[in-house]
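Colleague: I would like to go through the labels on this model and hear the grounds for each.

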Amino acid sequence: MNWFDAGDAHLHWREDGDPGGAPVVFSNSLGTDLRLWDFVIERMPKEGLRYIRYDTRGHGLSSCPDGPYGMGALITDTERLMEHVGAKDAVFVGLSMGGMIAQGLAVKRLDLIRGVVLSNTGSKIGNADMWNERVDAVNAGGIEAVADATMGRWFSKGFNETPELLMWRNMLTRQPAAGYNACMAAIAGTDMITVTSGLRLPAMGIAGSEDGSTPPDMVRELMGLIPGAGYELIRKAGHLPCVEQPDLYAQHLMRFLDSIGHGTHG
């Protein structure tokens, strides 16, 4: 278990794979922690790649400073963590909120990022009224008040009928409500369309066919802002295809890494 002082937040982070390998940094979605990536990382090569992931402030074992947060603070946390662990020229894999962090970080610190995977995300997600309603619901009834609706957006209909759903519902409801709301404020205040349209680096988008939060068209539109960007649609998956379809997710990620010569592996 690793702990990093990012200034006004302390971040819980983890490293897997080859300590001397090419870095791949993962950033998770609102309401999840670094375990979101377990199924993908266990399918990735053990040699040649170094996997770094962390709990966003207000989530998991990271600290929960007073909110609301701005997206700039989430980006700075990640930037400082990457500098601390020596993750330069990394491929950054961000899902939903993590995808917004990826876009902002690539704009701010291109020296740290050589490629991005923008998964189930957009340049702008939702609108202020939608997020404010959700904040009000959590203030009134805790995360439990929004949990069932969130599961419907996160996962396909088939997955919602499996026993495994409870594990992810528990992950959501056990996040600090204050951190969840503070990060919703960060998402609500973010519109990346102008800055992301200026990016020039290897990029791939991943969408889930049954994603109720960031539908495939949103991801496709985002990737259209970056010249030469790839796009993969994973069927029978919602907002978290790395959970529902980890084999396909890992295959798409490996193809992207191979296409830009990131890491050496058998």
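Modeller: The second largest pocket of this predicted model is lined by Met1, His12, Asp33, Leu34, Arg35, Asp55, Gly60, Leu61, Met171, Arg174, Gln175 and Pro176. About 160 Å³ of space lies in that pocket.

Colleague: What makes a residue part of the lining of a pocket?

Modeller: A lining residue has an atom within 4 Å of a grid point of the pocket. By class, the second largest pocket has five nonpolar, three polar and four charged lining residues.

Colleague: What lines the largest pocket?

Modeller: There are 18 lining residues, and Trp131, Arg134, Arg153, Ser213 and His239 lie nearest the centre of the largest pocket. Helix 4 (128–141), helix 5 (144–154) and helix 7 (177–188) are the elements that give two or more residues to this lining. By class the lining has eight nonpolar, eight polar and two charged residues. The space in the largest pocket is about 230 Å³.

Colleague: Why are strand 1 and strand 2 called a pair?

Modeller: A pair needs at least two bridges. Strand 1 (residues 2–5) and strand 2 (residues 10–17) share four bridges, in the antiparallel sense, so they count as paired. Asparagine 2 stands opposite tryptophan 13 of strand 2. Four residues lie between the strands of this hairpin, where glycine 7 takes a positive phi near 120°.

Colleague: How do you know which side of helix 9 the buried residues are on?

Modeller: The buried residues of helix 9 (residues 216–223) are Pro216, Val219, Leu222 and Met223. They cover an arc of only 125° around the axis, so they are on the same side of helix 9. In general, an α-helix has 3.6 residues a turn, so residues three or four places apart point the same way. Asp217 and Glu221 are exposed on the other side of helix 9.

Colleague: What do the buried residues of helix 9 pack against?

Modeller: Their partners are helix 3 (97–108), strand 6 (113–119), helix 8 (193–196), strand 7 (203–208) and strand 8 (230–234).

Colleague: Why is threonine 214 called buried?

Modeller: Buried means under 20% relative accessible area. Threonine 214 has 0%, so the label applies. Threonine 214 is in the loop between strand 7 and helix 9. Not counting residues up to four places away in sequence, threonine 214 touches Asn120, Thr121, Ile125, Val219 and His239.

Colleague: Which peptide bond is cis, and where is its proline?

Modeller: The bond joining glycine 67 and proline 68 is cis, with omega about 0°. Proline 68 lies in the loop between strand 4 (49–54) and helix 2 (71–85).

Notes. Residues numbered from 1 in each chain as written. Predicted model: local features only at pLDDT ≥ 70, side-chain atom pairs only at ≥ 80, totals over all residues. Heavy atoms only, no water. 1 Å grid on protein atoms, 1.4 Å probe; cavity = no way out; pocket = protein on both sides within 12 Å on 5 of 7 lines; lining within 4 Å. Points joined across faces, edges and corners; volume = space filled by probe spheres on them. Nonpolar A, V, L, I, M, F, W, Y, C, P; charged D, E, K, R; others polar. Buried < 20%, exposed > 50% of the residue type's maximum accessible area, 1.4 Å probe, protein only. Arc of directions from axis to C-beta. Contact = heavy atoms within 4.5 Å.
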